[in-house]
Amino acid sequence: MPIIRVEMFKGRSVDQKRALVQELTEAFVNATGGTPESVHVVITDVDKGDWGSGGALCSDKFPD
């Protein structure tokens, strides 16, 4: 049971997440075999204020 974990900033629509899950699943099956039903994708939405990069909060580096 492969699990693909995606952590990304909040703000994507359900349609964008649906497309991401579909494409990640297809790519995994194409690269490694197996069935789409065996692939699990877990999406974690993170606030920019809860993510740091290069010593700074992403909310400071990438303000909306």
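## Reading salt bridges and a crossover in a predicted model

Q: Where in the chain do Asp47 and Lys10 sit?

A: For any contact, check the sequence positions of both partners. Here the pair links distant parts of the chain, 37 residues apart: Asp47 is in the loop between β2 and β3 (52-53), and Lys10 is in the loop between β1 and α1.

Q: Is Asp47 buried, partly exposed or exposed?

A: You read that from the relative accessible area: under 20% is buried, over 50% is exposed, and partly exposed lies in between. Asp47 has 36% relative accessibility, so it counts as partly exposed. Lys10 is partly exposed too, because its relative accessible area is 49%.

Q: How many salt bridges are there in the whole structure?

A: The search finds 4. Among them is Lys17 with Asp45, where the closest N and O atoms are 2.5 Å apart. That pair also links distant parts of the chain, with Lys17 in helix α1 and Asp45 in strand β2, 28 residues apart. Asp45 is partly exposed, at 30% relative accessible area. Another is Asp15 with Arg18, at 2.7 Å from N to O. Those two both lie in helix α1, 3 residues apart, which is about one turn of the helix, and both are exposed.

Q: In which sense do β1 and β2 pair?

A: To read a pairing, look at the sense and the bridges. Strand β1 (residues 3-9) pairs with strand β2 (residues 40-46) in the parallel sense, over 7 bridges. As an example, Met8 has Asp45 as its bridge partner in β2. Between the strands, the chain passes through helix α1 (residues 14-32), and this β-α-β crossover is right-handed.

Q: Which residues form the nonpolar patch on the surface?

A: Met1, Ile3 and Val42 do, with about 300 Å² of accessible area together. Val42 belongs to strand β2 and counts as partly exposed because its relative accessibility is 32%.

Q: What pattern does the protein chain follow along the sequence?

A: Go through the elements in order: the pattern is β-α-β-β-β-α, made of 2 helices and 4 strands.

Q: And what is the radius of gyration of the protein chain?

A: Compare the value with a reference. The chain has 15 Å, whereas a compact globule of 64 residues would have a radius near 11 Å. Of the 64 residues, 12% count as buried. The C-alpha atoms fill a box of roughly 40 × 25 × 15 Å along the principal axes.

Definitions and conventions
Residues are numbered from 1 along each chain as its sequence is written. This is a predicted model: local features need pLDDT of at least 70, side-chain atom pairs count only at pLDDT 80 or more; totals for chains, interfaces and linings use all residues. Side-chain values use heavy atoms; hydrogens and water are left out. Two strands pair if DSSP finds at least two bridges between them. A crossover is right-handed if, with the strands pointing away from the viewer, the path from the first strand over the helix to the second runs clockwise. Patches are made of residues with over 30% relative accessible area and no salt bridge: like charges are joined within 9 Å, nonpolar side chains (Val, Leu, Ile, Met, Phe, Trp, Tyr) within 5 Å. Accessible areas come from the Shrake-Rupley method with a 1.4 Å probe; for residues, only the protein chains shown count as cover. A salt bridge is a side-chain nitrogen of Lys or Arg within 4 Å of a carboxyl oxygen of Asp or Glu. Buried means under 20% relative accessible area, exposed over 50%, partly exposed in between (1.4 Å probe, protein chains only). The radius of gyration is taken over C-alpha atoms; the globule rule is 2.2 Å times the number of residues to the power 0.38.
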